[in-house]
Amino acid sequence: MAKDSNKTERRKLIKRDIDAARHEAGDPNARVVLWDSELLGFGCRVFPSGAKTFVLSYRTNGRKRLLTIGRYGTLTVEQARKMARAELVKAEAGTDPLEERQRDTRGETIKDLCAAYLERHASQKKSGHDDQRRINSHILPTWRNLKAASIKRADVAALHSKIGKRAPYEANRTLALVAKMFELARRWGFVPEAHINPARDIDRFKETKRDRYIKPDELPHLAAAINSEPNESARNGLWLYLLTGARKSELLKARWDDLDLDRGELRLADTKAGRTHYLPLSAPALALLREIPRQPGNPYILPGKGPRAAKAGEKTAAPLVNISKPWTRVKKAATLARWRELPQVAELIDRLTEARAANKSKHTACDWDATPSLTEIRAACDTAGLTLPPAIDDVRLHDLRRTVGSWLAQAGNSLHLIGRVLNHSNASTTQVYARFGQDNVRAALEQHGERLLGAAGLKPKAPVVDLPTKHRKAG
């Protein structure tokens, strides 16, 4: 530990005295400081190398502290004295300037905040993987090495706007993530207690509730495409989505010991709602589950293609993980089947396929498919003036779950029942299916009107007819 040594008597520090000062103590570890008489605790430390720095000695919470103000030469005596006086004001107010300096130099950057957020908060969330994806995709590439406290509202607004140009929903989710991160940053000391959350008061992009679902006239093509999918686990999984309405992650994690065939029930323990959900199974769902072969050593109903390496380096059975690629194949096959029902379109697709096959390179991958992409077919049809039937390639995996809710609503089931089937924790989530009940409302009012006029001895001025509705065909 360095020893203190006062080379001169305490007097007001001036440039001439600092220039003349030398580290002449016999012990090179001795601390040689020229103390200022004008500002108590302010001084200039002299090192054996000849370097000189301004320092401030003070006490806070009963502890003696020595803070480096800056290098002599870079700072003048008056500049350093002014800075030291400001730090003393902080100490008198209860803030430790040295601790504040150390916190700043510890590197509490956005990278550090993100790491803390993922470890201390996101790891406890069901949707933590979405947070990590957004952090890696949007936040770290933009702000990685910036101090958390330096991020301003304009920075967040610019990021939100940039993402929103191509993905407004993603931009809103990222904005909410940033807001939560900075709320926790304040609690964890990454930013001052009074730091204003930079994600506050930024207008979100307008969002429209998605209502895409599989319609009855689309189902035959989709069913045929699912049955033709070569990945057996994916094939079974897609049918179970349509039959149960379970969430993708919940169904992929389902194990055979969660299935009770006698009760006709599937136990989903790890749900988004945070509670165990006992999902009743219909006769078609039970029949499918009885047909699914059990893979030896793999406890999952939808097993993966093989063992995966566990963290300990051992081989372990795993569930199906990537169902998105099979779903993409299924959507394309279902869409092509719909389009091929038009002879002219079928001929065009055949011509495009033949042309692609003729231009196949010898370096083409063995799993290459000569069938043109849907984008190529659309472009060719536009050129030829052909109108294509509605496609199915816009359907997402989650839309299969929405299909269950939509069809239940069209069958006249209550929103409360639909919410229980889909294990919604918030009634407002189920409200999207309310519009499918309009036909039942219309029928009830028609019946009410007839009874009312009949009781009054009156007749309608015009015949009562069955009015077509937008959703009657799908019901």
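**Ground rules.** I worked from a predicted model, in which local features need pLDDT of at least 70 and side-chain atom pairs count only at pLDDT 80 or more, while totals for chains, interfaces and linings use all residues. Residues are numbered from 1 along each chain as its sequence is written, and side-chain values use heavy atoms, with hydrogens and water left out.

**Helix H7 against H4.** I took helices (H or I, at least four residues) and strands (E, at least two) as DSSP runs, numbered from the N terminus. I looked up H4 (residues 110–120) and H7 (residues 168–188) and found that their axes come within 10 Å and cross at roughly 95°. Axes here are lines fitted to C-alpha atoms, for helices over the stretch in contact, and angles run from 0 to 180 degrees between N-to-C directions. H4 and H7 are therefore roughly perpendicular to each other (under 35 degrees counts as roughly parallel, over 145 as roughly antiparallel, 65 to 115 as roughly perpendicular, the rest as oblique). For contacts (heavy atoms within 4.5 Å) I noted Ile110, Leu113, Cys114, Ala116, Tyr117 and Arg120 in H4, meeting Leu177, Lys180, Met181, Phe182, Leu184, Ala185 and Trp188 in H7. By class, the contact of H4 with H7 has eleven nonpolar, no polar and two charged residues. Ala, Val, Leu, Ile, Met, Phe, Trp, Tyr, Cys and Pro count as nonpolar, Asp, Glu, Lys and Arg as charged, and the others, Gly among them, as polar.

I also checked Arg120, whose charged end sits over the ring of Trp188, 4.1 Å from its centre (NZ of Lys or CZ of Arg within 6 Å of the ring centre and within 35 degrees of the ring normal). I noted Lys215 as well, with its charged end over the ring of Tyr213, 5.0 Å from the ring centre.

**Helix H7 against H5.** H5 (residues 128–143) packs on H7 at an angle of about 80°, with the axes 10 Å apart. H5 and H7 are therefore roughly perpendicular to each other. I counted six nonpolar, two polar and five charged residues in the contact of H5 with H7.

I then followed His138, which is found in helix H5. His138 counts as buried at 7% relative accessibility (buried is under 20% relative accessible area, exposed over 50%, partly exposed in between, with a 1.4 Å probe and protein chains only). Leaving aside neighbours within four places in sequence, His138 is in contact with Leu159, Ile163, Arg166, Glu170 and Thr174.

**Aromatic pairs.** I found two aromatic pairs in the structure. Rings of Phe, Tyr and Trp (its six-membered ring) pair if their centres lie within 6.5 Å; planes under 30 degrees apart count as stacked, over 60 as edge-to-face and the rest as tilted. Phe42 and Phe54 are stacked, at 5.7 Å centre to centre with 20° between the planes. Phe42 lies in strand S3 (residues 42–46) and Phe54 in strand S4 (residues 52–60), so the pair ties together parts twelve residues apart in sequence. Phe42 is buried at 0% relative accessibility, and Phe54 is buried with a relative accessible area of 0%. The rings of Phe54 and Tyr72 have centres 5.8 Å apart and planes at 85°, so this pair is edge-to-face. Ring pairs link Phe42, Phe54 and Tyr72 into a cluster.

**Val55.** I ended in strand S4 with Val55, which is buried, with a relative accessible area of 2%. The C-alpha atoms of Val55 and Val33 are separated by 8.6 Å, though the residues are 22 apart along the chain.
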